[in-house]
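Hello,

Here is the structure I promised to pass on to you. Have a look at it first, and then read on for what turned up in it.

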Amino acid sequence: MHYPTVLLSNTNEMHIVKDEQTCICGEKYNYFSTFTRSDLRKIKFKKLDEVDCPLCKVLFKNDYQV
Ligand SMILES: [Zn+2]
């Protein structure tokens, strides 16, 4: 199973995407209200093992019972 993830350049960590602006842990990856083609290109589908953010992983598991 692969999930939408985004690499945040400030910490260089892979997070799981929640919506068009935020990750599951609440970190913002898109500061604009519009979602552009280049934003879409940042999103990569990866396995849960490849996600770096521990908070994203914990919250994701709680929400989706993985
Ligand atoms: Zn995160």
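Which residues does I16 touch, not counting residues up to four places away in sequence? The answer is Y3, P4, T5, C23, I24, V51, C56 and F60, where a touch or contact means that the C-beta atoms of two residues, placed from the backbone, lie within 7 Å.

Before going further, please note that this is a predicted model, in which local features need pLDDT of at least 70, side-chain atom pairs count only at pLDDT 80 or more, and totals for chains, interfaces and linings use all residues. Residues are numbered from 1 along each chain as its sequence is written. The pLDDT is the predictor's confidence in each residue, from 0 to 100. Its average over the chain is 90, and 95% of the residues score at least 70. Confidence is highest in β2, at 96, and lowest in helix α1 (residues 37–42), at a mean of 83.

Now the overall layout. The chain has two helices and three strands, and from the N terminus on they run β-β-α-β-α. Helices (H or I, at least four residues) and strands (E, at least two) are DSSP runs, numbered from the N terminus. The C-alpha trace spans about 30 × 20 × 20 Å along its principal axes.

The three strands form an open sheet in the order β2-β1-β3, with antiparallel pairing. The edge strands are β2 and β3, each of which pairs on one side only. From one strand to the next the twist averages 45°; the axes behind this angle are lines fitted to C-alpha atoms, for helices over the stretch in contact, and angles run from 0 to 180 degrees between N-to-C directions. Two strands count as paired if DSSP finds at least two bridges between them.

On one side, β1 (residues 3–8) is joined to β3 (residues 43–46) over four bridges, and Y3 has K46 as its bridge partner there. On the other, four bridges join β1 to β2 (residues 13–16). Here L7 has M14 as its bridge partner, while V6 stands opposite H15.

β1 and β2 also form a hairpin with four residues between them. In that loop sits N12, whose phi is near 60°, a positive value in a residue other than glycine. N12 is exposed, with 8 other C-beta atoms within 10 Å. For reference, a residue is buried if 20 or more other C-beta atoms lie within 10 Å of its own, exposed if 12 or fewer, and partly exposed in between, with C-beta atoms placed from the backbone.

Buried residues make up 17% of the 66 residues in the chain. The largest nonpolar core has nine residues: V6, I16, V17, C23, I24, Y29, C53, C56 and F60. Such a core is a set of buried Ala, Val, Leu, Ile, Met, Phe, Trp, Tyr and Cys residues joined through C-beta atoms within 7 Å.

K57 is partly exposed, with 19 other C-beta atoms within 10 Å. Not counting residues up to four places away in sequence, K57 touches L48 and V51. The C-alpha atoms of K57 and F35 are separated by 24 Å, with the two residues 22 apart along the chain.

Enjoy exploring it!

Best wishes
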